[in-house]
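Please examine the sequence and the three-dimensional model shown here. The paragraphs that follow treat helix packing and then the surroundings of the ligand.

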Amino acid sequence: MQAPPERFNFAQHLLAFNATRASKLAYLDDRRRLTYGELADRVRRLAGALQALGIRREERILLLMHDTCDWPVVFLGALYAGVVPVAVNTLLKDVDYAFMLEHCRAQAAFVSAPLLPTLQAAMQRSAHELRHLVVAGGSSADTQDLEVLLASSTPALQPAATGADEPAFWLYSSGSTGRPKGTVHTHANLYWTAELYGKPVLGLREDDLCFSAAKLFFAYGLGNALTFPLSVGASVLLMAERPTPEAVFKRWIEHKPTVFFGAPTGYAAMLVSPQLPAREQVALRLCSSAGEALPREIGERFTRHFGVPIIDGIGSTEMLHIFISNRPHDVRYGTSGKPVDGYRVQLRDEQGQVIEGANEVGDLYVEGPSAALMYWGNRAKSRETFQGVWTRTGDKYYRDADGYYVYAGRSDDMLKVSGQYVSPFEVEATLLEHQAVLEAAVIGVTDENGLTRPKAYVVLKNPAQASEALAQELQRFVKERLAPHKYPRIVEFLPELPKTATGKIQRFRLREREAGR
Ligand code: 3UK
């Protein structure tokens, strides 16, 4: 595999590769379509507009946008100009964005109109001043309209002469304690995910129409709906709304995507939906799953119904995309498959010794060219995770006798719910803000599909208050304060929590209690 040259701009790389496809469809969203020619023009206009706004190379912009044709324009336009987009989750709360604004010190924010009020609330809470606020799909007195900005811009003719290893963009990743970590990725990292995974493992082709339920602000979605398809000249279907089974089915039937990317929770929900389309109604040739382990049963049922494999692979925000994976012609459900060529993995025991044998659980470490540079402004966490050439994943795995890697849980307290991180401590702290709650402990429990759900054990100040209505109120209380995927799906009231002699909550006892059910 050829390494990118020292001077390398990933946006320019994509525009050059697709220069011969000017009239081919690049993106299709709920309202519009963009050909490769239009995409290139708008990327250069966006880059020109950033320069005109006085935003310079290496400065950051916040990208808080729904999945529409504007998202890749802003992302790639920034890269083209050497400006660093910080692409963030659209489901967060104003407090989260307030932290991010101060942490990344964005010069400008690009925001979808429906998200503007939340961002403005965040701006009120934050000491950091944005110089420009650009709105996609509407504008007001103190904001600029993205369409107007693009129409009036002088396109940048030359890309910024960025280095392959220079910061290109950030993604935030959440940890069990403390603030989200600004994961800094390079131009070359994007290139490597396509060269090592999108092309050789998934085998994406120019005639594919890719559709990702995982949004572009996730590393998974970014690869699925931008890096990979644009690296082979394919087309992409985008959807702004929540990826419910019904919303996904509608697109499968109307637009006939050939490759679909989802998370296990989504596949499980589709399989029980009364609206599940028949095999003949869709044109899928390949499906991908990541974010959490795909239970064997879900994969088998899906393949039985559609005759299409789901390729389960493990990736992370830190590695940008998938590094251990099943293959279209080598699927072993219930496993994450085998290491992707170009990556090396190790399982280490508690003493840090490399485990050579099969069936022994260890900590998973990975080495590969798409690893992030660091967590911005966080030396301690960077050192814990990025250890020389090795990246610590925080996962436990074992290798079976045939060389397939099997997920065996996280090594920290983090839960993966619907493919997204949930910190039990954050949920507990939020429950404690409710006036009825004395103590709370949150653990992950396994549902009937083999998927993880957060469950809260709650001790009330007044135990007599315990009721189904209060349980629902606590769920609503968490939903109002945290991103929606974090609320406890089950609330159980207990007279007291199991504790050590020194008063620490014994989560393992709660887990044992669940296992004994
Ligand atoms: C877990 C999996 C078992 C695992 C991601 C594909 O999920 C992604 O990134 P995140 O930073 O989370 C990383 C953590 O999620 N995980 C992901 N995939 C699997 N566990 N089987 C899987 N197939 O704990 C990992 O450490 O949110 C996924 C591509 C890019 C990504 N960023």
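Is the crossing of α4 and α5 left-handed or right-handed? The crossing of α4 and α5 is right-handed; a crossing is left-handed if the near helix is turned anticlockwise from the far one by less than a right angle, and right-handed if clockwise. The model is predicted, with local features requiring pLDDT of at least 70 and side-chain atom pairs counted only at pLDDT 80 or more, while totals for chains, interfaces and linings use all residues. Residues are numbered from 1 along each chain as its sequence is written, and side-chain values use heavy atoms, leaving out hydrogens and water.

Two packed helices are described by the angle between their axes and the distance between the axes. For helix α4 (residues 94-104) and helix α5 (residues 116-125), the axes come within 8 Å and cross at roughly 60 degrees. α4 and α5 are therefore oblique to each other (under 35 degrees counts as roughly parallel, over 145 as roughly antiparallel, 65 to 115 as roughly perpendicular and the rest as oblique). Helix α13 (residues 424-432) and helix α14 (residues 468-481) pack at about 115 degrees, their axes 10 Å apart. α13 and α14 are therefore roughly perpendicular to each other, and their crossing is right-handed.

The ligand has 23 residues around it, of which Asp312, Gly313, Thr317, Asp395 and Lys416 come nearest; a residue is near if one of its heavy atoms lies within 4 Å. The shell comprises ten nonpolar, eight polar and five charged residues. Strand β14 (310-315) is among the elements that supply at least two shell residues each, and β14 gives the most, with four.

A polar side-chain atom of Asp395 lies 2.4 Å from a ligand oxygen atom. A backbone N or O atom of Gly291 is 3.0 Å from a ligand nitrogen atom. Taken alone, the ligand exposes 610 Å², of which the protein buries 96% (Shrake-Rupley method, 1.4 Å probe).

Methods
Polar contact = N/O pair within 3.5 Å; in protein donor to acceptor, adjacent residues only side chain to side chain. Nonpolar A, V, L, I, M, F, W, Y, C, P; charged D, E, K, R; others polar. Axes fitted to C-alpha atoms, helices over the stretch in contact; angles between N-to-C directions.
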